[in-house]
Amino acid sequence: MTIREKILVIEDEKSISHFICTVLNNNGYEAMQAQTGEEALSMISSHCPDLIILDLGLPDMDGLDILRNLRSWTSLPVVVSARSHERDKVAALDLGADDYLTKPFGTDELLARVRTAIRHTRTVSGNDEIARNGTYTVGDLVIDYNKHQVRVRGENVHLTLSEFRIVALLGKYAGKVLTYDFIIKELWGPRASGDNQILRVNMANIRRKIEKNPAEPEYLFTEMGVGYRMAEGN
Ligand code: CA
């Protein structure tokens with residue numbers, strides 16, 4: 001018997017909740033539903049789910065308050081879902097949500113976010129390949145953490161130190177969106193200015209160096225108004 005990962009779906013819209021639970025149950029997970037914040041909080045302590053999918057717009061509680069409550073005692077992975085209010089998504093990520101889904105979303109996107117969030121709880125670095133080999137590979141791109149090199153189609157790419165550190169950070173969390181603030185703090189420390197301009201300039205240079213067509217990136221995706229995401233490897 002295989003143990004199925006339990007996922008608690010906190011969602012007040014029945015059709016959306018039904019869709020998410022059906023997809024999860026058909027793909028090897030065990031889905032449970034809660035329709036209000038109160039119900040969710042009691043189910044979390046009694047059922048100990050492996051992952052939570054949290055709607056930010058619930059009838060009885062603010063989704064961000066639920067997240068704040070959770071993060072005060074557990075690092076259990078949480079993927080938030082919301083209509084396209086960017087401010088909420090960024091606030092949720094900065095409060096410790098692992099990822100987000102913008103409604104409406106499809107089956108592939110849902111499963112990809114779930115897989116990434118669960119995988120990141122299993123490995124220390126968040127990325128199995130880095131832990132094993134010191135490299136991260138996706139398509140023709142290889143990040144070599146030991147040699148501090150990035151190779152594309154076998155060719156060494158000349159990156160500045162800042163550019164390498166940005167690529168290395170995104171590779172470590174591949175598949176997961178990283179907010180501008182998170183990247184800036186990781187790279188330049190907690191006192192760095194929250195100005196995204198330097199980061200944008202660096203990203204434009206990185207894309208020019210590693211993407212075949214920077215306007216249609218294969219490796220580094222922009223999440224509008226939120227941050228960046230590295231493509232997930234095999
Ligand atoms: Ca809702």
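What you see is a predicted model. The protein is divided into two parts, domain 1 at residues 6-121 and domain 2 at residues 128-230. Their C-alpha centres lie 27 Å apart. The contact between them takes twelve residues from domain 1 and 14 residues from domain 2.

Asp 12 lies in the loop between β1 (6-10) and α1, while Asp 55 belongs to strand β3, residues 51-55, so the pair ties together parts that are 43 residues apart in sequence. As for accessibility, Asp 12 is partly exposed, with a relative accessible area of 29%. Asp 55 comes out at 4%, which counts as buried, because the cut-off for buried is under 20%.

Now helix α1, which covers residues 14-26. At 1.5 Å a residue, its 13 residues should span 18 Å, and the end C-alpha atoms are 18 Å apart, so the two values agree. Its buried residues are Ile 16, Ser 17, Ile 20, Cys 21, Val 23 and Leu 24. These cover an arc of only 160° around the axis, which puts them on the same side of α1. What does the face turned away from that buried side carry? The exposed residues there are Lys 14, Ser 15, His 18 and Asn 26. After α1 comes Gly 28, with a positive phi near 90°.

On to the nonpolar cores. The largest one has 31 residues, and the members touching the most others are Leu 170, Ile 210 and Met 230. Several elements give two or more residues to this core, among them β6 (135-138), α8 (180-188), α9 (197-210) and β12 (227-230). Which element gives the most? That is α7, with six residues. Take Leu 170 as a case: leaving aside neighbours within four places in sequence, Leu 170 is in contact with Leu 178, Ile 183, Met 203, Leu 220, Tyr 228, Arg 229 and Met 230. There is also a second, separate core of 26 residues, including Ile 52, Ile 66, Val 177 and Val 226.

Last, the backbone. Most residues other than glycine have a negative phi, and most peptide bonds are trans. The peptide bond from Lys 103 to Pro 104 is cis, with omega near -5°. Pro 104 is found in the loop between β5 (99-102) and α5 (107-122).

The other two are positive phi values. Cys 48 has phi near 45°, and its place is in the loop between α2 (37-47) and β3. At 54% relative accessibility, Cys 48 counts as exposed. Arg 153 also has phi near 45°, and this residue sits in the loop between β8 and β9 (155-157). Is Arg 153 buried, partly exposed or exposed? At 42% relative accessibility, Arg 153 counts as partly exposed.

That is what I have. I can go back to any of these on the screen.

Notes. Residues numbered from 1 in each chain as written. Predicted model: local features only at pLDDT ≥ 70, side-chain atom pairs only at ≥ 80, totals over all residues. Heavy atoms only, no water. Helix = DSSP H or I, 4+ residues; strand = E, 2+ residues; numbered from the N terminus. Expected span 1.5 Å × (residues − 1). Buried < 20%, exposed > 50% of the residue type's maximum accessible area, 1.4 Å probe, protein only. Arc of directions from axis to C-beta. Core = buried A, V, L, I, M, F, W, Y, C linked by side-chain atoms within 4.5 Å. Contact = heavy atoms within 4.5 Å. Domains from an automatic or database assignment.
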